[in-house]
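Hello,

Here is the structure I promised to pass on to you. Please open it alongside this message, and read on for what turned up.

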Amino acid sequence: MGEEGTEGTVHLLCLAASSGVPLFCRSSRGGTPARQQLPFSIIGSLNGVHMFGQNLDVQLSSARTEDTIVVWKSFHDSITLIVLSSEEGTSELRLERLLQMIFGAMVLLVGLEELTNIRNVERLKKELRASYRLIDSFLVDSELIGDLTQCVDCMVSPEGSLLQEALSGFAEAAGTAFVSLVVSGRVVAATESWWRLGTPEAVLLPWLVGSLPPQAARDYPVYLPHGSPTVPHRLLTLTLLPGLELCLLCGPRPPLSQLDPQLLDRWWQPLLDPLRACLSLGPRALPAGFPLHTDILGLLLLHLELKRCLFTVEPSGNKEPSPGQRRHLLRSFYALVTATHFPPEPGQQEKVENAACLAQVPRACYQVSGTEEPGSGWRLVALHLGPRLLLLLLSAQSPTHGLRGLATHTLHALTPLL
């Protein structure tokens, strides 16, 4: 949500819908956590106007002031989430998707039953504290973008086939079909069953792992908001290298003790070099030496059917703007094109039966930002081909007339990766 160099405050409020009792309030300022809390009178007013509308069968979803956007969303007539953002360039789409992810995070760690059948408010408040770290990670500046795109953040390893083979073998030996390799919240490789996880858990699970403090091994109870919201599963994590974790989603078995060092060494000791290579990719998320045009300052590639994405603002060198500003620009541009130019949901184009309407769906758009002086500012271009959507942030040296050609060439180069 927050981005480096973007001043502004975000307040997130969670209330019991029936009583209006606040369950928690989380805040960030300038992309970092903040302790600043809203006065209870403002919290009461924001919830009161929403409840007043509901009593009149009017659904209040958003409002704008001169410098702030407010978005309300109720879940299962039990939980009301309210977000206020004064960050520059924020949009209703971004805030609506934020609230969806926040509620998903609450279900992931507390379970849907506790949220829809509130028996004891004080107990629920205590249980929700377990979700604060994950929720706060959505409010601060992040190198990930799955919270906005609702696609899994991925990383492309140069030894992907080797890792995939080892992962499949290890999954069979461990007795679970759901296994993945995660680096800083990005999935490097995963079994087919893991990839078939629904939204939002496919995004939330690696994000959760990336938000937790380092630990050699974990046995973490989780609910699946889409697949199993009332019956908990176990998320087992094992640190293979600092920053690289092996994640297993399973039932009562296997016990964590069964995943002994001998089993890990058998499958992963021979692959230490490829695993280290994953760590060396860092925020670039692409193999070193991958051919990208020098004008590209950042890119976002989405596969809308597979619900996966590649996001990087460090493809080459250190140029202006800063990485935080680049993330802010690409996130804002994604929200713009999703809300105004391209179908907001995967597969919507294919559902359009009217050929005339389909012909009117744009395939590309661009935006020129910054000052009007030659050689200053930056360029943003989006290209939609088949199931893939590519967004590029380009330097001012990139000529406007060549944006679509550059985007098309880049998309063809990236297609084998995602």
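Below are some notes on the sheet, the helices, the salt bridges and one surface patch.

This is a predicted model, in which local features need pLDDT of at least 70 and side-chain atom pairs count only at pLDDT 80 or more, while totals for chains, interfaces and linings use all residues. Residues are numbered from 1 along each chain as its sequence is written, and side-chain values use heavy atoms, with hydrogens and water left out.

Let's start with the sheet. It is open and has 6 strands, in the order β3-β2-β1-β6-β5-β4, with antiparallel pairing. At its edges are β3 (32–34) and β4, each of which pairs on one side only. From one strand to the next, the twist averages 20 degrees. (Strands here are DSSP runs of type E with at least two residues, and helices are runs of H or I with at least four, numbered from the N terminus; two strands pair if DSSP finds at least two bridges between them.) Strands β5 (residues 69–75) and β6 (residues 79–85) pair over 7 bridges, and Ile 69 has Ser 85 in β6 as its bridge partner.

Two helices pack on this sheet. Helix α2 touches β1 (9–16), β2 (22–29), β4, β5 and β6, and its direction makes about 35 degrees with that of β5. Helix α5 (residues 132–139) touches β1 and β2, at about 40 degrees to the direction of β2. Contact means heavy atoms within 4.5 Å; angles run from 0 to 180 degrees between N-to-C directions, with axes fitted to C-alpha atoms, for helices over the stretch in contact.

Next, the charged side chains. The structure holds 11 salt bridges, meaning a side-chain nitrogen of Lys or Arg within 4 Å of a carboxyl oxygen of Asp or Glu. One of them joins Arg 64 and Glu 92 (3.7 Å, N to O). This pair links distant parts of the chain, with Arg 64 in strand β4 (residues 62–64) and Glu 92 in helix α2 (residues 92–110), 28 residues apart. Another salt bridge joins Glu 122 and Lys 125, at 3.5 Å between the closest N and O atoms; both lie in helix α4 (residues 121–128), about one turn apart. Salt bridges also link Glu 114, Arg 123 and Glu 127 in a network.

Finally, have a look at Phe 52 in helix α1 (residues 40–55). Phe 52 counts as exposed because its relative accessibility is 55%, and exposed means over 50% relative accessible area, buried under 20% and partly exposed in between (1.4 Å probe, protein chains only).

Enjoy exploring!
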